[in-house]
Amino acid sequence: MAWQVIISGFVFGLLSSFHCIGMCGPLALALPVHYLHPSKRLISILLYHTGRISIYVCMGLVFGLLGRRIYLAGLQQWLSIISGSIILLFVLQHFISKTPKAPAFIQIFHKHLNMFMARQFKNPSVKSFFLLGLGNGLLPCGMVYMAVALALGTNSTLNGALLMGMFGLGTLPALIALRYAGSFIGLSVRNKIKQLLPVFMAFIAILLILRGLNLGIPYISPVMADAPKDAIMCH
């Protein structure tokens, strides 16, 4: 199971890299590392991504635990269907309204998060790069939400954290390459990549729904195992 989680998390991170270039690329390119020595520049960039991945791991711990609770309650099948349906609703909202409005509490959180990150940009230090990564990990992101849905489905706190950590590592190569070769990836290319996101999200959502339907299709909709029953005690 652990190897399946590692591979699926990393591959999903690699696929999400195309979206990351479009959405997180500007932030990665804006990191105030130009004045640093090349070795310190690399350390600062790695600290930034360490902070980002650390947040993902924490998310995996929380949602892996939640998924475990849901699994023990025998609701794993419904969890997969509901997660896929929610993602599909987000995709439909994107096509109906090109500028979907987030709930008020998310907007308030996002506002304070932006203020926090702006302070780190104004006074860059070794610590601030790590804090910027933490802030980036909390920014609204469709791919992170889908990774969280996958972490819920692992039914394990450890596997949830492992999947989210590997997801973060999977996005790392493209974002580091972008930092050093950003001038070769123009704004038009990043915008085209962003336009493909809803299609990819819809594809993952449909897979989640099919997974919950227990159709007996290998890899796509396998029959989910029932939650373990309480052990029978003999006296």
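Modeller: Start with helix 4 (residues 76-96) and helix 10 (residues 197-212), whose axes come within 7 Å and cross at roughly 155 degrees. Axes are lines fitted to C-alpha atoms, for helices over the stretch in contact, with angles from 0 to 180 degrees between N-to-C directions. Helices (H or I, at least four residues) and strands (E, at least two) are DSSP runs numbered from the N terminus. The crossing angle therefore makes helix 4 roughly antiparallel to helix 10 (over 145 degrees; under 35 is roughly parallel, 65 to 115 roughly perpendicular, the rest oblique). The crossing of these two helices is left-handed, that is, the near helix is turned anticlockwise from the far one by less than a right angle. Where helix 4 meets helix 10, the residues of the contact are 12 nonpolar, 8 polar and 1 charged (Asp, Glu, Lys and Arg are charged; Ala, Val, Leu, Ile, Met, Phe, Trp, Tyr, Cys and Pro nonpolar; the others, with Gly, polar).

The model is predicted: local features need pLDDT of at least 70 and side-chain atom pairs pLDDT 80 or more, while totals for chains, interfaces and linings use all residues. Numbering runs from 1 along each chain as its sequence is written, and side-chain values use heavy atoms, without hydrogens and water.

Helix 4 also contributes to the largest nonpolar core, as do helix 1 (2-23), helix 3 (38-72), helix 7, helix 8 and helix 10, with at least two residues from each. Buried is under 20% relative accessible area, exposed over 50%, partly exposed in between (1.4 Å probe, protein chains only).

Helix 7 gives the largest share, 7 residues.

A second, separate core has 10 residues, including Tyr48, Phe129, Leu132 and Leu139. Leu139 lies in the loop between helix 6 (126-138) and helix 7 (142-152). Its contacts beyond four places in sequence are Leu27, His110, Leu113, Asn114 and Met117. Leu139 and Leu113 are 26 residues apart in sequence, and their C-alpha atoms are 7.9 Å apart.

Phe129 is also a contact of Ser44, along with Val33 and Leu36, when neighbours within four places are set aside. Ser44 lies in helix 3 and is buried, at 5% relative accessible area.

Helix 5 (residues 104-122) and helix 6 have axes that come within 9 Å and cross at roughly 160 degrees, so helix 5 is roughly antiparallel to helix 6. Their crossing is left-handed. Residues making the contact include Leu113, Phe116 and Met117 of helix 5 and Leu131, Leu132 and Leu138 of helix 6. By class, 8 residues of this contact are nonpolar, 4 are polar and none is charged.

Finally, Asn155 sits in the loop between helix 7 and helix 8 (157-181). Asn155 is buried, at 11% relative accessible area. Most residues other than glycine have a negative phi. Asn155 is not a glycine, yet its phi is positive, about 60 degrees.

Definitions and conventions
Contact = heavy atoms within 4.5 Å. Core = buried A, V, L, I, M, F, W, Y, C linked by side-chain atoms within 4.5 Å.
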